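Here is a short report on how parts of one protein model pack together. Look at the sequence and the structure first, then read on.

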Amino acid sequence: MTARLWAALAAVLLGLFLGVGMPSGTPAASAAAPVASSSSDAAESVQGTLRDPDREPVEGVTVTVTQDGAEIGSATTDAEGRWSVPLPGPGAYTVTLDVAGLPEGVAPREEGGEVLDGVQVRPGASQGVIFQLGTGEVDEGGGGIPVARILQLVVDGIKFGAIIAITAVGLSLVFGTTKLINFAHGEFVTIGAVAAYFLSTSPGNLPIIIAAVLAMVVGGAVAGGFEVTLWRPLRRRGAGLIQMFIVAIGLSLLLRHLVLIVFGSRRQQYDEYSLQSALTLGPVRITPRDLIITVLAFAIMIGVAVMLQRTRIGTAMRAVNDNRDLAQASGIDVQRVILVVWVLGGALAAIGGVFFGLTQAIYSEMGFELLLLMFAGVILGGLGSAYGAMLGSLVIGLVSQLSTLWFPASLAYMWALLVMIIVLLVRPQGILGRRERVG
């Protein structure tokens, strides 16, 4: 599989990604997080949670809903930043945030961002609305960008890149051992996040830490089950890579819609650690939850690296990755190694989904929206290289966050992909990839 083909695949994925629509706010750059659904007397409503750039709730701000110039209703954010306005029926509404009630130094990230036009509410739906808030800081020193703002985005980018990295490692290992482009890998992320959500809420009510571990078991079992029942039989029948790629797309659509049926379309949040006061570490601020997630993500990456370098199964994985036929001739059980790779990849994707759900929200499209960035990290770092996937994902995370210094947050993913394309033009094999002769 050449770098050019991967670049073409990235272009196709970008088209599909833009077709389903960008998320309402980019990870770590969105100042207002999605909220769990709340009950309302009306069949339809709009609701949300207002948070400042440090993800702390903003209380006492009025949100007004109008339709065709007529006021429908208003609400004031409570101590947790939550608000909800019942509606008379489905349709398109305009939601306006009263900026006069915002704390000093907090303002909409973009000019006119306090007014959201054309918010579509379906019959019986409680539509979530997100207002993106920024610091409203004035540039210091002759119009330059504040250093504190840059450092804050670097921290956010490292956190986001670390989450992408642990999900992308499995994708890279699967490609390295089987040459399969697993388009369904994003759904393993969603399955892990959803599994932890159900385990940590009623009737499970398990601590999120235990739920996350069990979600890894679920993710690994699902991935391993598909390897045994689907991918291994296809390989034995001599199915080509293109045919298997098409099967992977179909599997992705199937799993995504199954999650949509079981979990629903509304964004949800874990009950634990959803609201925390940020720690001030010099010029940057980060919540204890996000700090622990970042540290755990790097610990997981180090653990994977040690496993690949110091254990027999890790050595076998690298051997199959380098030359599958030679590894089999050397006595390595290739099928067993591939199964371990699938289980490991599914478990890593699941825990990555839990981390992403903790920092943002859980929703049925979350894995698919991360999939494009996972592919970007894998391609940028080097095809089939686990270490390259880690490094490439960190670069993607940093670029996506730092780009918000100059461009709207909704374009963050685009600039990350642009950097990937530029690097591939200069170094087609990726940062840590090796040149291979084709033909």
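Contact here means heavy atoms within 4.5 Å. Keep in mind that this is a predicted model.

**Two helices**

Start with helix α2 (residues 147–178) and helix α6 (residues 288–310). Their axes come within 9 Å and cross at roughly 30°. Angles under 35 degrees count as roughly parallel, so α2 and α6 are roughly parallel to each other. Their crossing is left-handed.

Which residues of α2 and α6 meet? On the α2 side they are Ile-158, Lys-159, Ala-162, Ile-163, Ala-165, Ile-166, Val-169 and Leu-173. On the α6 side they are Asp-290, Ile-293, Thr-294, Ala-297, Phe-298, Ile-300, Met-301, Val-304 and Leu-308. The residues of this contact divide into 14 nonpolar, one polar and two charged.

The table gives the relative accessible area of each.

| Residue | Relative accessible area |
|---|---|
| Leu-358 | 13% |
| Arg-235 | 17% |

Buried means under 20% relative accessible area. Leu-358 is therefore buried, and Arg-235 counts as buried too.

Leu-358 sits in helix α9 (residues 334–359). Beyond residues up to four places away in sequence, Leu-358 touches Ile-208, Tyr-270, Glu-272, Arg-289 and Ile-293. Leu-358 and Ala-193 are 165 residues apart in sequence, yet 8.8 Å apart in space, C-alpha to C-alpha.

Arg-235 lies in helix α4 (residues 208–236). Its side chain makes a polar contact with the side chain of Glu-227 (2.7 Å). Leaving aside neighbours within four places in sequence, the contacts of Arg-235 also include Thr-178, Met-244, Arg-324, Gln-335 and Ile-338.

Technical notes. Residues are numbered from 1 along each chain as its sequence is written. This is a predicted model: local features need pLDDT of at least 70, side-chain atom pairs count only at pLDDT 80 or more; totals for chains, interfaces and linings use all residues. Side-chain values use heavy atoms; hydrogens and water are left out. Axes are lines fitted to C-alpha atoms, for helices over the stretch in contact, and angles run from 0 to 180 degrees between N-to-C directions. Helices (H or I, at least four residues) and strands (E, at least two) are DSSP runs, numbered from the N terminus. Angles under 35 degrees count as roughly parallel, over 145 as roughly antiparallel, 65 to 115 as roughly perpendicular and the rest as oblique. A crossing is left-handed if the near helix is turned anticlockwise from the far one by less than a right angle, and right-handed if clockwise. Ala, Val, Leu, Ile, Met, Phe, Trp, Tyr, Cys and Pro count as nonpolar, Asp, Glu, Lys and Arg as charged, and the others, Gly among them, as polar. Buried means under 20% relative accessible area, exposed over 50%, partly exposed in between (1.4 Å probe, protein chains only). A polar contact is a pair of N or O atoms within 3.5 Å; within protein, one must be able to donate a hydrogen and the other to accept it, and residues adjacent in sequence count only if both atoms are side-chain atoms.
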